[in-house]
Amino acid sequence: MEGRKQAISIRLSGADMRNLRKLSRRLGARNSDVIRYALKTTLERLAPLHEGDLKGRDLFPVLKDAGADLMRYLDLDASEMEALINEGAPPELHVHRADVQLLAMNSLQQRFARLSLVSSNSTTHEIPDAAAAVLLQPGARS
């Protein structure tokens, strides 16, 4: 059954569909190929989450990199993120609540920076996540 492919149905906003079509055209690929690419790269990025043996601080590096996106797109809060990290982990591997809250604050900062940059501009432009993250780095030029 593992090698057999299955069809799934997903709901996308109109804006997401427009962006998907533009990207597909630009890449000369089908919409489904771009979706498969996005899914596979995300699954690879989050692989430690579906490997049940990683818990606590061993899991924290992947969440440091992907945590802001997870919190934003899956509407996770700091307590849910803490449970995800520490659930089932021995006490010596637990990540302190303050560190998880910093992760949550980073997510909020990126959203705020994106909104601030958009509102300070005379024309509305969506600020890519990567650009907002660079602008938030300590020592980044303003």
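## A helix pair to start with

R36 and D33 sit three residues apart, about one turn of the helix, and both belong to helix α2 (residues 31-45). Helices here are DSSP runs of H or I with at least four residues, strands are runs of E with at least two, and the numbering starts from the N terminus. Keep in mind that this is a predicted model, where local features need pLDDT of at least 70, side-chain atom pairs count only at pLDDT 80 or more, and totals for chains, interfaces and linings use all residues. Residues are numbered from 1 along each chain as its sequence is written, and side-chain values use heavy atoms, with hydrogens and water left out.

What do the side chains of R36 and D33 do? They meet in a salt bridge, at 2.6 Å from N to O. A salt bridge here is a side-chain nitrogen of Lys or Arg within 4 Å of a carboxyl oxygen of Asp or Glu. D33 also has a salt bridge with R30, with 3.0 Å from N to O. Put together, R30, D33 and R36 are linked in a network of salt bridges.

How open are these three residues? R30 counts as exposed at 54% relative accessibility, while D33 is partly exposed at 28% and R36 is partly exposed at 36%.

## The big picture

Now zoom out to the whole protein. Its secondary structure comes to seven helices and zero strands. Read from the N terminus on, the elements go α-α-α-α-α-α-α.

The protein has 142 residues, and buried ones make up 22% of them. Its accessible surface is about 11000 Å², and 55% of that belongs to carbon and sulfur atoms. Such areas come from the Shrake-Rupley method with a 1.4 Å probe, and for residues only the protein chains shown count as cover. What about contacts, meaning heavy atoms within 4.5 Å? Among those between residues at least 6 apart in sequence, 42% join residues at least 24 apart.

The salt bridge count for the protein comes to four. One of them is formed by R97 and E82, whose closest N and O atoms are 2.9 Å apart. R97 lies in helix α6 (residues 97-120) and E82 in helix α5, so this pair ties together parts that are 15 residues apart in sequence.

Are the two partners buried or exposed? R97 counts as exposed, at 52% relative accessibility, whereas E82 is buried, with a relative accessible area of 17%. Leaving out residues up to four places away in sequence, E82 touches E87, R97 and V100.

## Along helix α1

Helix α1 spans residues 14-27, and R21 is found in it. R21 is partly exposed, at 41% relative accessible area. Patches use residues with over 30% relative accessible area and no salt bridge, joining like charges within 9 Å and nonpolar side chains (Val, Leu, Ile, Met, Phe, Trp, Tyr) within 5 Å.

Who touches S24? Not counting residues up to four places away in sequence, its contacts are A29, R30, N31 and V34. R30 is also part of the salt bridge network with D33 and R36.

## A nonpolar patch

There is a nonpolar surface patch as well, made by I8, I10, L12 and I35 and about 370 Å² in area. I10 has its place in the segment before α1. I10 counts as partly exposed, with 47% relative accessibility.

Finally, take a look at D75. It has a positive phi of about 55° although it is not a glycine. Where is D75? This residue lies in the loop between α4 (60-74) and α5. At 64% relative accessibility, D75 counts as exposed.

Methods: Buried means under 20% relative accessible area, exposed over 50%, partly exposed in between (1.4 Å probe, protein chains only). Contact means heavy atoms within 4.5 Å.
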